[in-house]
Every structure is written in C-alpha cells, then in structure tokens.
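Me: I'm new to this structure and would like a close look at one part of it, the salt bridges. Could you walk me through them slowly, and then through whatever sits around them?

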Amino acid sequence: MGSCDLRNTQSLTDMNKYIALIDCNNFYASCERVFDPSLKFKPVVVLSNNDGCVIARSAEAKLLGIKMGEPLFKCKNILKKESVKVFSSNYTLYADMSNRVMSIIKNHFEDVEVYSIDEAFVSIEAASINNLYKELVSLRNKILKWTGIPVSIGLSTTKTLAKLAGRKAKKSLGVCSLFDPRDLTNALREVAAGSVWGIGRRLEKKLFLKGISNAYQLSVFNHREARILGSVNLVRTILELNGVPCLDINSVVDSKRQITTSRAFGSPIYDLDLLKEAVSVYVSRAAEKLRLQGSSCSTITVALSTNRFSQKEPYKFLVETQSLISSTDSTSKLISSAKKILESIFKKGPGYKKAHIFLSGLEKSASKQYSLEDNIFSIDKETNLMRVFDKLNIFYGRDTLKYASTGISRDWLMKRERKSKSYTTNWSEILTIQL
C-alpha cells in the first residue's frame, strides 16, 4: 500500500483540526469488480445511459488511452483488441455500494459530508498527525475489507487542499497529506489552475489571460483582482489554497427544491400509450425521491423531446406545467396529473427520444397546510399506503409493487445490454455460491 511521506509534518502536531477527503477509486468499475474478482488487474469500463459513452474506467483502461466521455462507437476497436470488459451502468448497485461505504465512514467519524456518490469530506480533531495517519490507514483497510471498494484519502487543513492531497493519494493508492510548505508548493505547481476544485473552464480562460496557469500562481494571486475577475468564491479558493479554511463541512443534506427524472428511450416512441407507460415509470421514480426527503409537491411539469441529432426531422421540445389543487406525495395522484399533461402536449408524427418529469413547489409534508376542500381521512390513508409501498420495494427490490400504468415489458427502456445483476438490492439476483 502506497502513502505519501509524513516525516516533514512532525512540527505541525500541535495543530488539532484537519479535513480529509475519502474518495473511492474508479468507483463504478470497482463496484463491478467486487462481484467478479476475475476482473482484478484487467481493463474495465462502464457506459452511460443507452450504452452511449464511457463514464468510468479502471486504471488499466486508462492506460490503454480510453478517454472519459468517449462515445462507445469510437473506442469499439480498442475495447475488442484489448479484451476490455464493458458494463452498462447499474446505478442501483452503485448507490447501494456507496451507502455501505458512507455508513462505515459515518460510524468512524461524527462530522461527515457526503459530497458525491464516491466522495466524502470529514472534519477531524487530533493531537497527533502520526496517530491520525494510522487511523486513516486503518479506516481505508476496513472499507476495503468490508465492501471490497478501494479508497484514497487526502488530508490537509482545508477542503480544497484535501482535494489536491486526494489526487496525490490516488497515484500512490493510499493516504497522502499536504502540510509541509515545500511539499505544498511543489504540489501546487504540478496542478493546472483549471484542475483546482471550484475553477471552471470559463474562469480558467480568464486566469490564463492573467498569466495564471497553475495552482501555485493562483494561490499568490491578488485578492482584489480575484474578486473583480471572478467572485468572492474565487477569493475563498485562494485562501483555501493558502491553508485558510473557508468552506465548512456540511453534514446535513439539504432537501432538493426540485426533483427531476429524465431518461432517453432505447429507441424512438411514436405511440401515446407507450409514452404514458414511460411517463408513469418516471413519475413513480420522482415520487419515491419526493417521499424519501419528506416532501410534497404542488407543481408538476411534463416534457417530451425528439432526437436533437436526427437528420430526418426537426428537433421538438414539448412542455407543459400544471399546478395541483393541493400539494401531494402520492404516486397515483401524480401519475394521473402527468398523463393528462402528456395527452395535451402529445403530437402525432415525430418519434420521441426522451421524457422529462419535474416536480417543484416542494414543501415539507409534516408542515403541509391543508385547505377546507382536503379530505384528511383520505390523505392519511394514501400516506399510509405510500409508506407500506416504499417499505416493501426497499426490502424486496424496486418494482416489487408497481402501478399497472407503468407497464410490464417496458420495451422502450434505455439500452443496457451489458448491465450486471443487482446483487445487493434484488433477492432474485443475489449472488449465489455453489460448494
């Protein structure tokens, strides 16, 4: 197991507050390897929706020159030549594996921010860097042993520096810290300004015109000029690069203000009934997310779009929004409203490639304001039904219970020809071993 040298950080043991970034290595590819050990040390890639582009690569696949976001048709030859194992995206599996990793981290540390499906920031107080380093190595080993997912850990005094340390840790596949001034300066000079967390492409171009091409030059950039060039966020980034914490750990997950479900179909749909089936499925997914965060919605939007890259017909985007009489988290009520909207916007002729569902006007279900027209008994009955509905689907697997309008065959679903099984979330696909 690799690690960065901590010998030059001994003088900093009087510091007691640190930020660590725990990052899963090649997460989607690693998830696939957990259930097929024969893939270890072999090139693996995971594709996006409809098996369109590469969205994850193992280290071995990266060495072959396969690029992130590269369309499948462009790299088919190298995939075949190098016997690269290709998977369709299995987001249900990846989300469950992520939850397992994050649960271990949360049980180990109190102040944790789950930043993305494969990353978490941790705020730590410690009297000794050496002891903290050993603790992080132990945590890394535990995550690998309990989940099979390898992680890299970057340690420093700010979130931005922890990100940079995490990048160095990935190269050594271990734990790396950035404290010593000389090591920090060298690390900043090795990183392009555009690769610094929070610096986008537009800002990168502006910085380049100012002669700033790497993170070190950015760290010594004048604050007043930075404020004019970018915003207060750019100043915060500069301060963070200098070891001044400006970004707190956000351990409380904020509720979404809008919930969106949007998927492309495996092939264009011309039939209204099939579109109703697809929209019903997407509404069901959105309603699950709505209840998961304890919200109700008062506005629903449905949209249809054709293939924007088609040479045969012009691009169309049809959309309509409807305000509900009373906010709700009921799947059946939302499906009913969505189908009415769909009927009003549907036009015969073009083949529709994508459907979009937007739930907005969100409020906490627990503090919902009722009107005189609301039937409280009926609403409570519907709430209890949805609670049982969700529990059964969580325990036995998605779509154990589903509405008839969501269909059975679902031939319109996106292409996922290389999808692995849902080993951890579906009883019928659980991994079995014969002795």
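Reply: Let's start with Lys210 and Glu225, whose side chains meet in a salt bridge at 3.8 Å, N to O. A salt bridge here is a side-chain nitrogen of Lys or Arg within 4 Å of a carboxyl oxygen of Asp or Glu. The pair ties together distant parts of the chain, 15 residues apart: Lys210 lies in the loop between α8 (201-209) and α9 (215-219), and Glu225 in helix α10 (residues 223-229). Those helix names come from DSSP runs numbered from the N terminus, with helices being H or I of at least four residues and strands E of at least two. Lys210 counts as partly exposed because its relative accessibility is 47%, and Glu225 is also partly exposed, at 38%. For these words, buried is under 20% relative accessible area, exposed is over 50%, and partly exposed is in between (1.4 Å probe, protein chains only).

Before going on, a word on where this comes from: it is a predicted model, where local features need pLDDT of at least 70 and side-chain atom pairs count only at pLDDT 80 or more, while totals for chains, interfaces and linings use all residues. Residues are numbered from 1 along each chain as its sequence is written, and side-chain values use heavy atoms, with hydrogens and water left out.

By the salt-bridge rule, the count comes to eleven. Another one of them joins Lys159 and Glu113, at 2.7 Å from N to O. Here 46 residues separate the partners, with Lys159 in helix α6 (residues 159-172) and Glu113 in strand β5 (residues 111-116). Both Lys159 and Glu113 are buried.

Then there's Asp399 with Arg285, a salt bridge at 3.1 Å, N to O. This pair is 114 residues apart, linking the segment after α14 (376-396), where Asp399 sits, to helix α12 (residues 272-292), which holds Arg285. Arg285 is buried because its relative accessibility is 15%, whereas Asp399, at 23%, is partly exposed. Shared partners join Arg285, Glu288 and Asp399 into one network of salt bridges.

Two packed helices are described by the angle between their axes and the distance between the axes. The axes of α12 and helix α13 (residues 331-345) come within 9 Å and cross at roughly 140°. Axes are lines fitted to C-alpha atoms, for helices over the stretch in contact, and angles run from 0 to 180 degrees between N-to-C directions. α12 and α13 are therefore oblique to each other; under 35 degrees would be roughly parallel, over 145 roughly antiparallel, 65 to 115 roughly perpendicular, and the rest is oblique.

One last stop is helix α1 (residues 27-34), which is mostly covered, with seven of its eight residues buried. The buried ones include Phe27, Tyr28 and Cys31. They pack against several elements, including β1 (17-24), β3 (54-57) and α4 (91-108).

In the loop between β1 and α1 you'll find Asn26. Most residues other than glycine have a negative phi. Asn26, though not a glycine, has a positive phi of about 45°. Ser83, also not a glycine, has a positive phi of about 55°, and its place is the loop between α3 (72-81) and β4. Asn26 is partly exposed, with a relative accessible area of 23%, while Ser83 counts as exposed at 60%.

Methods. Contact = heavy atoms within 4.5 Å.
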